Structures are given as structure tokens and as C-alpha cells.
Amino acid sequence: MALRPVLQFPDPRLKRKSDPVGEITDEIRALAQDMIEVMYDEPGIGLAAPQVGEAIRLVVMDTGWTEEGAEKNPLVLVNPEILAKGGEITWTEGCLSVPDFQADVERAARVRVRYRDLEGREHEEDASELRAVCFQHEIDHLDGVLFIDRISRLKRSLYVQRRKKALEREREEAPAAAKTGRAL
Ligand SMILES: [Zn+2]
């Protein structure tokens, strides 16, 4: 089966606030599995449900698997929330939904997060550095916030212009694809 496509900026679905997951159904478990496959395929270290068009508070993450010799160890976060933040860190971020762009973002250096797993068990974790950044980036997605919403207005508008031009070029070069009504 084809993998779910990742929505890309400026798709308006990326700006929605997602709803909490209620009962953890087979459908939710299947979506989490789909998201894990997309994350490894792209490749990325985190993916939030709104990025595949589902406005629910579900995230998958694996911050270690790209390191040499590391094994895949996907984490599924149901209704994750940040309980506490501390310190400051500047991290160069990118996003599967924001093509061809990276920028420095100021984040909390440490976070305490709470989430449920697919069995409904509650977990709390203290994270720092990359892992803390990843939690904040993914939970932002659930609130309709992209990392480019957290950089200077000038940097953001330069990217938005560049992205618009790239999309115009894509449409000119592939008129057939544009006619399908696919969100670009
Ligand atoms: Zn992202």
C-alpha cells in the first residue's frame, strides 16, 4: 500500500488545532503504524498526525535511529503535553512539511512531558537537547504551529516568497499534476 503523503506548507490543514484522541481504537493504532512508516521513509525523527491530514493529537518519534549503528525504536505519543519547561536552547530545525528550509529556533532546553501509549498507559519523561526540541516541535504541530512561525518575520517572509516561487515553477513544469487538484 502506498504511504500517506506528508502535507507541505502552505497547506491550510497544517494550521488546524488538533483534537485529543479519545478511545484508542484499531483505527488509531493503524494510523500510528502508517505514521511510523512515513517517518522512516521520508526520513525524519518525528511526525505529527496533522502532517498526514489527521487533526488528532497523535505523534510518532524516534530521535536516535539516524545515528550510526542505532536500531529503530519508535515511540508513539497519544495526547502528549508539556508539563514544565526550563532553560533555553537554539537549535537548527527543519520539518518534513516545510521543504528546503532550515532555521535556528529558540526553544526550552529541557521539558517534562506526559503522554499515553497505544495501550493507554500514562508516561512522563524528562527530555533535554534534541529530544526536548523534538517534543516541542511535534506538539506545536498539534496546535497548528510550524517552526517557521517561531523565527523572525523577515526570515519567515523570505522563505514564504521562495516557497511560492518554487510552487509556481512546479505548476508550470507539471501542468497535468496541477489539474488533479492535489494540494501542493
Ligand atoms: Zn515538523
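Cysteine 95 counts as buried, because its relative accessibility is 12% and the limit for a buried residue is under 20%. The model in which this residue is described is a predicted one. Histidine 141, at 1% relative accessibility, likewise counts as buried.

Both residues take part in a metal site. The zinc ion has Cys95 (SG), His137 (NE2) and His141 (NE2) as its protein donors, at distances of 2.1 to 2.3 Å. Along the sequence, these donor residues follow the spacing C-x41-H-x3-H. Cysteine 95 belongs to strand 4 (residues 89-95) and histidine 141 to helix 2 (residues 129-142); the pair therefore ties together parts that are 46 residues apart in sequence.

Attention now turns to the nonpolar residues. In soluble globular proteins, nonpolar side chains tend to be buried together. In the present model, the largest nonpolar core contains 22 residues, and Met35, Leu47, Leu58 and Val76 have the most contacts inside it. Helix 1 (26-41), strand 2 (58-61) and strand 3 (75-86) are the elements that each give two or more residues to this core. The greatest contribution comes from helix 1, which supplies eight residues.

Leucine 58 illustrates these contacts. When residues up to four places away in sequence are not counted, leucine 58 touches Val21, Ile28, Leu31, Ala32, Met35, Leu47, Ala48, Ala49, Val76, Leu77, Val78 and Leu142.

Note on methods:
Residues numbered from 1 in each chain as written. Predicted model: local features only at pLDDT ≥ 70, side-chain atom pairs only at ≥ 80, totals over all residues. Heavy atoms only, no water. Donors = N, O, S within 2.8 Å, 3.2 Å for Na, K, Ca; no water. Helix = DSSP H or I, 4+ residues; strand = E, 2+ residues; numbered from the N terminus. Buried < 20%, exposed > 50% of the residue type's maximum accessible area, 1.4 Å probe, protein only. Core = buried A, V, L, I, M, F, W, Y, C linked by side-chain atoms within 4.5 Å. Contact = heavy atoms within 4.5 Å.
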